[in-house]
Amino acid sequence: MKRAMDFVGALAALVLLSPVIAVLCVLVRRKLGSPVFFRQVRPGIEGRPFNMVKFRTMTDERGSDGELLPDHQRLTALGAWLRSTSLDELPELFNVLKGDMSLVGPRPLLMDYLSLYNPRQARRHEVRPGITGWAQINGRNALSWEEKFELDVWYVDNQSLWLDIKILFKTVLQVLKRDGISHGEEATMPRFKGSNRDD
């Protein structure tokens, strides 16, 4: 039932939002150049890797040492707007169609984090990652990593069709309010460096 809802929901959203996606493709191409999409390998269900796709929001500017500049220096005005409205996430609907992601589930993070989770935190990979999730409607990037992971595990243990519908409805409200986009002074969440909590 969940997979059917994901497929039908993602397909309907892509059809309805295709004019918006087309306009955003043009805007990103003009402001940031090519490629329009940002692709990155992320862990899916059971930690299996897949290529997640989003709209680009940052430049590839590097410092004199050849390393990428911090996120807040590479984030463009258009990119900040895309993030604040969550429009940068729209291409993930294609990931949902493919079955790599769900409309609702724990957000797919970095492959590097897999070895840093304690056993409880790793349970977030027992379900498909989602475009939105329980943590996203309960604080998003304003939460600490540990708080996010606790909410993710709660979702794994309590998932249901009605809970997914509730999360989708509240996600719309969250996007309209633009709450929890950044973490303190950070443009994005700081890197997860592991947790000392084992339970």
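The exercises below, each with a worked solution, concern a predicted model.

**Exercise 1.** Find which residues link up with Glu 89 and Arg 107 in a network of salt bridges, and decide whether Glu 89 and Arg 107 are buried or exposed.

Solution. 
- Step 1. Begin with the pair itself: Glu 89 and Arg 107 form a salt bridge, and their closest N and O atoms are 3.0 Å apart.
- Step 2. Glu 89 sits in the loop between helix H3 (77-85) and helix H4 (92-98), while Arg 107 sits in the loop between strand E3 (102-104) and strand E4 (130-132). The pair links distant parts of the chain, 18 residues apart.
- Step 3. Apply the cut-off: buried means under 20% relative accessible area. Glu 89 has 14%, so Glu 89 is buried. Arg 107 has 12%, so Arg 107 is buried.
- Step 4. Widen the view: the network joins Lys 54, Asp 88, Glu 89, Glu 92 and Arg 107.

**Exercise 2.** Describe how helices H5 and H6 are arranged and which residues make their contact.

Solution. 
- Step 1. The axes of H5 (residues 145-158) and H6 come within 9 Å and cross at roughly 140°.
- Step 2. An angle over 145 degrees would count as roughly antiparallel; H5 and H6 are therefore oblique to each other.
- Step 3. On the H5 side, the contact is made by Trp 154, Tyr 155 and Asn 158. On the H6 side, Leu 163, Asp 164 and Ile 167 take part.

**Exercise 3.** State where Trp 162 lies and which surface patch includes Trp 162.

Solution. 
- Step 1. Trp 162 is in helix H6 (residues 161-177).
- Step 2. Exposed means over 50% relative accessible area; Trp 162 has 68%, so Trp 162 is exposed.
- Step 3. Together with Met 1, Leu 161 and Ile 165, Trp 162 makes a nonpolar surface patch of about 500 Å².

Notes
Residues numbered from 1 in each chain as written. Predicted model: local features only at pLDDT ≥ 70, side-chain atom pairs only at ≥ 80, totals over all residues. Heavy atoms only, no water. Patch = residues over 30% accessible without salt bridge, like charges linked within 9 Å, V, L, I, M, F, W, Y side chains within 5 Å. Areas by Shrake-Rupley, 256 points an atom, 1.4 Å probe, with all protein chains shown as cover. Salt bridge = Lys/Arg side-chain N within 4 Å of Asp/Glu carboxyl O. Helix = DSSP H or I, 4+ residues; strand = E, 2+ residues; numbered from the N terminus. Buried < 20%, exposed > 50% of the residue type's maximum accessible area, 1.4 Å probe, protein only. Axes fitted to C-alpha atoms, helices over the stretch in contact; angles between N-to-C directions. Parallel < 35°, antiparallel > 145°, perpendicular 65-115°, else oblique. Contact = heavy atoms within 4.5 Å.
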